[in-house]
Amino acid sequence: MSNVTSALNGREVTGVTTIREGGFRGMITLRGDLSNANLKKVCKAVTGVDMPAQRGVNMHGESGLAWMSPDELLLLVPHDAADESVAKIDAALNGTHYLAVNVSDARALITVQGKGAREVLARVCPADLRASGLPKGEMRRTRLAQVPTAIWTQDGDDFAVICFRSVAGYVFDLLANAAKTPGPGLL
Amino acid sequence: MLTLECPYCSIQADETELHAGGEAHLKRETVGSLDNDFEDYLFMRENPKGVHFERWRHVAGCGKWFHAARCTMTLEVFGTYSAQTLAPPKDLREKISTKRPGWTWRAFS
Amino acid sequence: MSTRLATAGRLLDRASTMEFTFNGKRMQGHEGDTLASALLANDQMLVGRSFKYHRPRGLVASGAEEPNGLVNMGAGAFFEPNQRITTTELFEGLAAESQNHWPSLEFDVGAVNAKLSRFMPAGFYYKMFIHPRPLWKHVYEPFIRKAAGLGRAPTEMDGSSYEHFYAHVDVLITGGGIAGLAAALAAGRAGADVLLVEQTAHWGGRAPVDGAQIDGLDGDTWVKETVQALESMDNVTLRNRTMGTGVYDHGYALAYERLTDHAPDQDGPRHRLWRIRARQIVTATGSIERPLSFAGNDIPGVMLAGAVRDYAVNFGVSLGDRTVVVTNNDDAYRTAITLKDAGLDVPVILDARPTADGSLVQQAREMGIRVALGKGIAHVNGAKRVTGVSICLQAGEGSEIEEIACDAVAMSGGWSPVVHLWSHCGGKLIWDDAQSHFRPDASRPPLGADGLGFVVPAGAANGAMSTAEVLVDAFQAGAAAAKAAGATGKTGRGPTGDTPKEEPMAPVWLMPQGASYKLRSKMWLDYQNDVKVSDVQLAAREGYESVEHTKRYTTLGMATDQGKLSNINGLATLAGALNAPIPAVGTTTFRPPYTPISMGAIGGEARGELFQPLHKTPMHDWHDANGADWEPVGHWRRAYAFVRGAETVEQAVQREVTNTRENLGLLDASTLGKLIVRGPDAGKFLDMLYTNMMSTLKPGRCRYGLMCTENGFLSDDGVVARIDDDTFLCHTTTGGADRIYAHMEEWLQTEWWDWQVYVTNVTEQFAQVAVVGPNARKVLEKLGGMDVSAEALSFMDWADGTIGGFDCRVYRISFSGELSFEIAVPASQGRAFWDALLEAGAEFGVMPYGTECLHIMRAEKGFIMIGDETDGTVIPQDLGLHWAISKKKDDFLGKRAQERDHMTDPTRWQLVGLETTDGSVIPDGAYAVGEGVNENGQRNTQGRVTSTYHSPTLGRGIAMGLVLHGPDRMGEVIEFPKVDGTSVKAKIVNPVFFDPEGEKQNV
């Protein structure tokens, strides 16, 4: 729909490490009993992937499941599938205590790709970003400089960052600034 | 700058990813309580030199509150545990006893 | 005179020549020089003036411990004071100016202070400037401010950029001398992730200067091979020009990397602040030589013996042709031998010890150098540079035996381990009698999160004073650190060193030991701060027993060098004066940073646009392009008003109010917090959080609610909409979204964890627009879609539907007193929806309005604003909000607190409206005065203004305020003094100024 604009209009800065707004993505916050069989089933149905372990993120194309806390998942789906996915969850979990909300537009997705991605993030992130500290397929909820974010890598080299939409510009500028010069070569 | 293990995420969180929430295991006083009891609940806090129990929130992380047992002198962390409990777990209290024999904190020892 | 030697200079590239200026004078140096070595090569012995007496000062040291060589560097946006010239690498075009003198370095009027030194004893400032009191503000303070501080403050914003880097490593090793290298070798081989940092540009420290032999190789070769070996290990990272500045709790450490100081034309950040989490930290920080306390030891040309050696070997620079060496240990003989080898003259080695026969002593004798045992310096001759020394017996009182002409003095009082990083986080020290220094007590290290030590001292920093001992100690330290960090690999054999046999040093704290007052008052302990032996002794006589107090009283060990040279000598002097053993006096506290680091590095990327995260709504860009006068609200930027053409901000605000009341206004309300609260216990939960009853709210309806803290104070307010039986949507204030979300989670997780409620923050999922004014319904009907008639959507209803093709949720709520719809659409469609409203609203006189218009309209209606009417001490009862406090509920957060006697006190100030009698606006924050005065002679107060505006609707100044017994005093006129001495009178009225019946909003 032409009425739709993302937080940064697809901004990108290319270089050794490329920072790019990752475009639209459907995101659903699901809180509930993660061991509930119906919940697992509908999550798999909506995203096509299995329930991740603690801190895990399982992806298949644009869709995926990320473990956010012992009672919270983030479901990733195509942007235009978010509302219908919430409806599916509502139908499946009717009668149980849960909360499913479309938060796609509350978030922005920014990718950090190419050589040195870990060191770009390490300028502004206190988390252990060594491959041993943040292995692929694991999501770390942390902060980038002054705002909370979630970061993960599927292949071990390229990273995705999720932040609140209102600070997408700040996070983008932060990463683009860090990407201007090479890091110390530690990571 | 401390690091504390979030018992929910099982990661070592940096102090800058955490929010300090003051003393743990406060008992809420409310309507019907005596003035003195209510004021103690609102204002009176432990200030120990040694073993202390605190509340922390993994604010730039999973968002969960947890409890930490810590030595205010050496900053040794004896353990972190769920916030959904009225007392420090027994195994943690025993661990503290081996490290700080004879410790007491409020009603706990 | 100091000069460049024809040969030597292991760090120099003599083929390259660099030009630089000092106080405007053009000079030349070579690549590899420090500014210090280049100045000496140009015979610039005088580098600064001391702080108090403006004494001429030359270089004393060659590294980070240098107290005198501080200069202003650069210009304009790249100007920086207090740059230490011994740690400044020379570059082409470097421009430096000396500090703390007027009119010039050579002729300084302030030097008259030295003549007055008898009248400027220890504690001078405290004694002199205390009386008479009235002189303080206009005489003493300006004088001290002018005299205080070295260098000049920059006047322009810093033009460089800076960054942080977070590193997690197993083992951090600070110091890249042979100890650090040996430790890295062990830890690297064991398989630990190792970060090795070295503050200078070079590896190996001073071992190559001292002629160390390691594994059968000369120092330079061993260092080169070892660095190569370390660089080939994937798990080892080496960073030079990176100083370990501080060690903090739980293995946190800071390191300060100077990326472009040596090459200012290079792109990229100037400094990088490493924020390191290490499992183990090895402090291989070496040791620092101590000066000797003899009269005139501050005259330019008197230098530490090790530094004299450094300049000769590293930079091919001699301090003078004839250098007298004065020492209490064998190490200084190396300097004499080095100088002699370079073809320079060493007229005498004055050794304070009665006997000395170590291998270095023998070697010096064999070279024909005169060695005078049991002798010392009575005083140094010369003013701006050394011309000679008078020799005396060390055991005596200073009677002159002989005068020797010389142009330099190399002194050594022994070596002190650099224990700063060990001590920063609580590592304890022990006194080593044999070496007369404090060294780390390895049995009492700083403790980490696991209660075990996390810092391991290594090499000279651990009191190992010979090459052989250093290597053994440091290799073990590296292995131990790696093991403690969990590495399990084999370390193999460590390097071994070959060391000439040295005899014990002898402590010498005063030279000669029976020196008279006259001599003692010329013996400098602290060069930078002008503290002499006599000052510390005076402090002791005046009752200063604690070394910390003596430091503050005398200024010993303060300022930029923090006593790296002066501490041990100073506290030994204090101990002597107190007749106490040195370890009983103890040291002052070592605090980070090790040497000063730039403010820019501390700030990192957080400057300019990145100073703070700016929160932007989906319509931000439109506002920005349409005259928004921005106002920070929390971390959001909200438009205060949209200024058109030539109008003022104030005129814009008045226009927006009038237009909204008469036609149609649009407010970007996206920043309001929106929290979903869902679950079988959601109603019960909200009943605890809000003062009023929320569980009785019907789905489809909205209710205004108040939230208090457990202390009873009003914390937030907003409209709650019930979505379905289990689900509520709670609006919070703009600044309150994160706070109230956290507040809800806190109570759910830590108190009522058995209640079935989930909360999530959906604030940013929606763009929300308030469509306000008599034409509000018309524009929505024109856009078409859902039924927004009064019948279908009455006041305080909400409904889902579409408007103009946009999926939306419409809340029929009003914060202005006008017909008003707050419409939420997905944030990604916010801008398009805003544009659609503007386009459709054109025929209805649509104008966006900002936060000030919102404020005025709510004040005209008597609605409170969190943060204006509340300040953390106000309870809802103060604001006449009893109607919003449930009497039926057993409990809610704040209820018990509101029963406390202070909260029920009838003299608490109460909210009223205020109407100025002359139509003017009461100043913000004005107080209403009452009868009489308080004990301070100030007029008693009886109220204060909380909100005050010019109301265009009423054409006068209106205000809200808290007034003593206010609601009972309607019609009474009270007085608000202004800062200009006049006052404004206001009548107490009902706070609802406009449309009290609500006729405008209920249409």
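Predicted model: local features only at pLDDT ≥ 70, side-chain atom pairs only at ≥ 80, totals over all residues.
Reader: Why is C:Ala559 called partly exposed?
Author: Because 17 other C-beta atoms are within 10 Å of C:Ala559, and partly exposed covers what falls between 12 or fewer (exposed) and 20 or more (buried).

Reader: What separates the C-alpha atoms of C:Ala559 and C:Leu150?
Author: A distance of 9.2 Å, although the two residues are 409 residues apart along the chain.

Reader: Switching to sheets: what is the strand order in the open sheet of five strands in chain C?
Author: The order is β3-β2-β8-β6-β7, with mixed pairing. At the edges are β3 (25-31) and β7 (80-84) of chain C; each has a single partner strand, so one side of each has no neighbour in the sheet. On average, neighbouring strands are turned by 40° against each other, direction ignored.

Reader: Do β6 and β8 of chain C run parallel or antiparallel?
Author: Antiparallel: three bridges join β6 (residues 70-73) to β8 (residues 94-98) in chain C. In β8(C), C:Ser98 is the residue opposite C:Val71.

Reader: Last topic: how many residues does the contact take from chain A and chain C?
Author: It takes 38 residues from chain A and 38 residues from chain C. On the side of chain A that touches chain C, α4(A) gives the most, with six residues. That side divides into 18 nonpolar, 13 polar and seven charged residues.

Conventions: Residues numbered from 1 in each chain as written. Chains lettered and ligands numbered in written order. Contact = placed C-beta atoms within 7 Å. Helix = DSSP H or I, 4+ residues; strand = E, 2+ residues; numbered from the N terminus. Nonpolar A, V, L, I, M, F, W, Y, C, P; charged D, E, K, R; others polar. Pairing = 2+ DSSP bridges. Axes fitted to C-alpha atoms, helices over the stretch in contact; angles between N-to-C directions.
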